[in-house]
Amino acid sequence: MAKRGWKVLGVVVGVVAVGAASFVGWQAHAFDASLARTYERPLPALTRSADEAVVARGKHLAESVGACSSADCHGPDLAGGKPLSMGPVATLTGPNLTPAGKRAGGYTVPQLARLIRYGIKRDGHGVVFMPVHELSWLPDDDLTALGSYLATVPPVEKPDGETHVKLLGKILDRQDKMPLDVARRLEHVAPATDVPKPEPTARYGRFVAKACVGCHGEHFSGGRIPGAPSSMPIPANITPDASALGPWTFADFDKLLSTGVKRDGKQLDPFMPIDALSRLDETERRALWEYLRAVPPRPFGGR
Ligand code: HEC
């Protein structure tokens, strides 16, 4: 190439590199600025209950639908989960939720209700990574139950683990590929008003199934989770397609939830939080099943 050609190429490469760098810098800045802001959202007017049935409902939600006590979330004793290391995306660890927790311990019922409904922490900032968009449907009674239960768990002195969103994570969040900054997504979403009382129907199952969306995708057809490292297992297609749950019966589904054994007799990858899902009660399992039977069948991978 003539000298001039090289020069032009050099300028083009330079312009592209500067453009890419400023794009990355701008995305990271937007992410940081969004987490640095505080939200003005009043605390829901709910009060702690000491009623045994309410506390028991809260414990059930924490251990099943909410998966709070899942090993990867806040841990079986709620004193903090296992660190989730996602390479260049982020390192995330669910903090200690017991009253001894420095960051997340001792939330009052209204503070917890605001966190779960809108992703807003006690200090007014948005929470990172917690799948509040899967839980924000919980009605007031359930938020009261959950908060009332958490207030009763014994304190466990355990320091909070590392939570650190890295550059790629910030870009994926801003590109809407991975919801890490969840509060900004819920800012203009009105709370669900059409949640029925727990019943074994697709109508209720639609809400319970929100717990599956982060992995199996909004259309439940599975495929690699965007941004996930290749070492992470790929969620299956759970629509009623013939290649997916089409041939399954409720008994197959129930067995999978109870034991983690799939219809083909193989053990489910432990990435799917079966410790929590095995605690779903009969109504929730039936509701989930009815709903998953009713979603449109799709081929694998469209998420
Ligand atoms: C943390 C991610 C995650 C969540 C949350 C999750 N799953 Fe899964 N699920 C997976 C992965 C990964 C697989 C594939 C694992 C394997 O094949 O061993 C899977 C497989 C399945 C299968 C087996 C499909 C088959 O063809 O054998 C069913 C059924 C299923 N999930 C249902 C659900 C339901 C219902 C929910 C919500 C209540 C849910 N999953 C929540 C990750 C998840």
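Three strands form an open sheet in the order S1-S2-S3, with antiparallel pairing. Strands here are DSSP runs (E, at least two residues), helices are runs of H or I (at least four), and both are numbered from the N terminus. The model is predicted: local features need pLDDT of at least 70, side-chain atom pairs count only at pLDDT 80 or more, and totals for chains, interfaces and linings use all residues. Residues are numbered from 1 along each chain as its sequence is written, and side-chain values use heavy atoms, with hydrogens and water left out.

- Strand S1 (84-86) and strand S3 (164-165) stand at the edges. Each has a single partner strand, so one side of each lacks a neighbour in the sheet.
- S1 pairs with strand S2 (residues 90-92) in the antiparallel sense, over three bridges. Two strands count as paired if DSSP finds at least two bridges between them.
- Leu84 stands opposite Leu92 in S2.
- Strands of a sheet pair through backbone hydrogen bonds, either parallel or antiparallel.

**The iron site**

- Which protein atoms are donors of the iron atom of the ligand? They are NE2 of His216 and SD of Met272, lying 2.0 to 2.1 Å from the iron.
- Donors are N, O and S atoms within 2.8 Å of the metal (3.2 Å for Na, K and Ca); water is not among the atoms, so sites may look incomplete.
- Why is the arrangement octahedral? The six donor atoms around the iron subtend angles of 87 to 180°. Six donors count as octahedral if opposite donors are over 155 degrees apart and all others between 65 and 115.
- The His216 and Met272 pair links distant parts of the chain. His216 is in helix H9 (residues 210-216), Met272 is in the loop between H10 and H11, and they are 56 residues apart.
- Both His216 and Met272 are buried. Buried means under 20% relative accessible area, exposed means over 50%, and partly exposed lies in between (1.4 Å probe, protein chains only).

**Around the ligand**

- The ligand is surrounded by 22 residues. The closest are Cys212, Cys215, His216, Asp269 and Met272.
- A polar side-chain atom of His216 lies 2.8 Å from a ligand nitrogen.
- An N or O atom in the side chain of Lys262 is 2.8 Å from a ligand oxygen.
- A backbone N or O atom of Asp269 lies 2.8 Å from an oxygen atom of the ligand.
- H9, H10 and H12 are the elements that give two or more residues to the shell. H9 gives the most, with four residues.

**Salt bridges**

- The structure holds 18 salt bridges. In each, a side-chain nitrogen of Lys or Arg is within 4 Å of a carboxyl oxygen of Asp or Glu.
- Lys170 and Asp32 meet in one of them (2.9 Å, N to O). Lys170 is in helix H6 (residues 167-174) and Asp32 in helix H1 (residues 3-36), 138 residues apart. Lys170 is buried at 14% relative accessible area, whereas Asp32 is partly exposed at 38%.
- Asp252 pairs with Arg263, with the closest N and O atoms 3.1 Å apart. Asp252 is in helix H10 (residues 250-259), and Arg263 is in the loop between H10 and helix H11 (274-277).
- Glu282 bridges to Arg286, at 3.7 Å between the closest N and O atoms. They are four residues apart in helix H12 (residues 282-294), so about one helical turn separates them.
- Asp173, Asp176, Asp181, Arg184 and Arg185 are linked in a network of salt bridges.

Key:
Tetrahedral: all angles 85-135°; square planar, octahedral: opposite > 155°, others 65-115°. Near = heavy atom within 4 Å. Polar contact = N/O pair within 3.5 Å; in protein donor to acceptor, adjacent residues only side chain to side chain.
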